[in-house]
Amino acid sequence: MAELLSTATITATGLLCKAFLNSGLCSITVSNLHILLDALRNDERRRHGQGVVTVANHISTLDDPLAWGTLPIELYLNSNTTRWSLGASEIMFTNPLFSAFFRKGQVLETFRGKGIFQPSVDIAIKRLNEGHWVHLFGEGKINQPPDYPRTNGVARLPRFKWGVGRILMETAVPPLIIPMWLTGFDKLMPGHRSFPCKYFPRLGVRLGVVFGDPIPVEEITAALSARSYVPLIGEDGTNSKLSNELYPGGCVGRTPHKRHMDVARSDVTAIIQRAVEALGRRVSGDLLNDFRS
């Protein structure tokens, strides 16, 4: 029954988003969707316990679920082809009705300020080990382009959270990591609007969803190897597959120094941020603010 309710919630939400995107109230351009579809439909990947991770910029409250209105309807009917996501407790889980809705919608309640070792992150790793799809907003909160930090006129995304690094480093099999870039959603739901306007989308906005090529796992393993990190130990005290690839014959059961682990997570997270930002620059230019004109 729980799985049926979850499927119903996700399907109804997906159909509502698809109806809005096709209503003529906005326009949307989707590029390289086949990259995600090929990954989700790959049964061989799932049989080997390899999950899929998508990572995107986060520019409005409607990024998720509206972006997934671009997916084929049949994907909503299977938990293997619908995303799991982390959602802020103080925003999405504020009352019993919201909590039930988001939990059935495969959102993991996450507590800001409680660090990367909390149940939602553990569950995200578990879902990836089962071959599922986990979507991450690396910034951990909404940041709209006018607020991005700039250096010499070049915009940068705010620093991604280290939970990204932990999730990617502690899966049993390195997941397939697909960067994404969203445009226009910030104009659909601009920040700093007063009540009640801030709760209603603006019409006639041009939206964009772009998928990039998967990030080679070699980039992550090479970065870690270059720093000569100690083996990465899972929460259960055993080495992950990624750890074994990086440190063949390593000391199983040795507890890594906290500093090594912190730097490792930081480096892995930075690789993901660079990939998302690079995709954003190709789409939106140096200001990361819209479609390149």
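Let's start at Asn 32, found in the loop between β1 (26-31) and α2 (33-40); helices here are DSSP runs of H or I with at least four residues, strands are E runs of at least two, and both are numbered from the N terminus. This is a predicted model, where local features need pLDDT of at least 70, side-chain atom pairs count only at pLDDT 80 or more, and totals for chains, interfaces and linings use all residues. Residues are numbered from 1 along each chain as its sequence is written, and side-chain values use heavy atoms, with hydrogens and water left out.

Asn 32 is not a glycine, yet its phi is positive, about 60 degrees. Its relative accessibility is 37%, so Asn 32 counts as partly exposed (buried is under 20% relative accessible area, exposed is over 50%, partly exposed is in between, with a 1.4 Å probe and protein chains only). Leu 288 also has a positive phi, near 55 degrees, without being a glycine. Leu 288 sits in the segment after α12 (258-284), and is buried at a relative accessible area of 2%. The peptide bond from Asp 64 to Pro 65 is cis, with omega near 25 degrees, and Pro 65 belongs to helix α4. These are worth a look because most residues other than glycine have a negative phi, and most peptide bonds are trans.

## The chain overall

The protein chain has twelve helices and nine strands. Of its 293 residues, 51% count as buried. Take the contacts (heavy atoms within 4.5 Å) with a separation of 6 or more: 74% of them come from residues 24 or more positions apart.

The chain exposes about 14100 Å², with carbon and sulfur atoms supplying 58% of that area; areas come from the Shrake-Rupley method with a 1.4 Å probe, and for residues only the protein chains shown count as cover.

## Rings and charges

How many aromatic pairs does the rule give? The count is four, where rings of Phe, Tyr and Trp (its six-membered ring) pair if their centres lie within 6.5 Å, and planes under 30 degrees apart are stacked, over 60 edge-to-face and the rest tilted. Trp 68 and Trp 133 make an edge-to-face pair, 4.9 Å centre to centre with 85 degrees between the planes. Trp 68 is in the loop between α4 (63-66) and β3 (83-88) and Trp 133 is in strand β5 (residues 133-137), so this pair ties together parts 65 residues apart in sequence. Both Trp 68 and Trp 133 are buried. Another edge-to-face pair is Phe 101 with Phe 102, at 5.2 Å and 75 degrees. Phe 101 is partly exposed at 39% relative accessibility, and one aromatic cluster consists of Phe 93, Phe 98, Phe 101 and Phe 102.

Charges sit over rings too (NZ of Lys or CZ of Arg within 6 Å of the ring centre and within 35 degrees of the ring normal). The charged end of Arg 127 is over the ring of Trp 84, 4.5 Å from its centre, while that of Lys 114 is over Phe 111 at 4.7 Å.

## Helix α1

Leu 4 lies in helix α1 (residues 2-21) and is exposed, at 59% relative accessibility. With Met 1 and Leu 5, Leu 4 forms a nonpolar surface patch of about 370 Å² accessible area. Patch members have over 30% relative accessible area and no salt bridge; like charges are joined within 9 Å, nonpolar side chains (Val, Leu, Ile, Met, Phe, Trp, Tyr) within 5 Å. A salt bridge puts a side-chain nitrogen of Lys or Arg within 4 Å of a carboxyl oxygen of Asp or Glu.

Ala 19 is in helix α1 as well, partly exposed at 46% relative accessible area. Ala 19 and Gly 69 are 50 residues apart in sequence and 8.0 Å apart in space, C-alpha to C-alpha.
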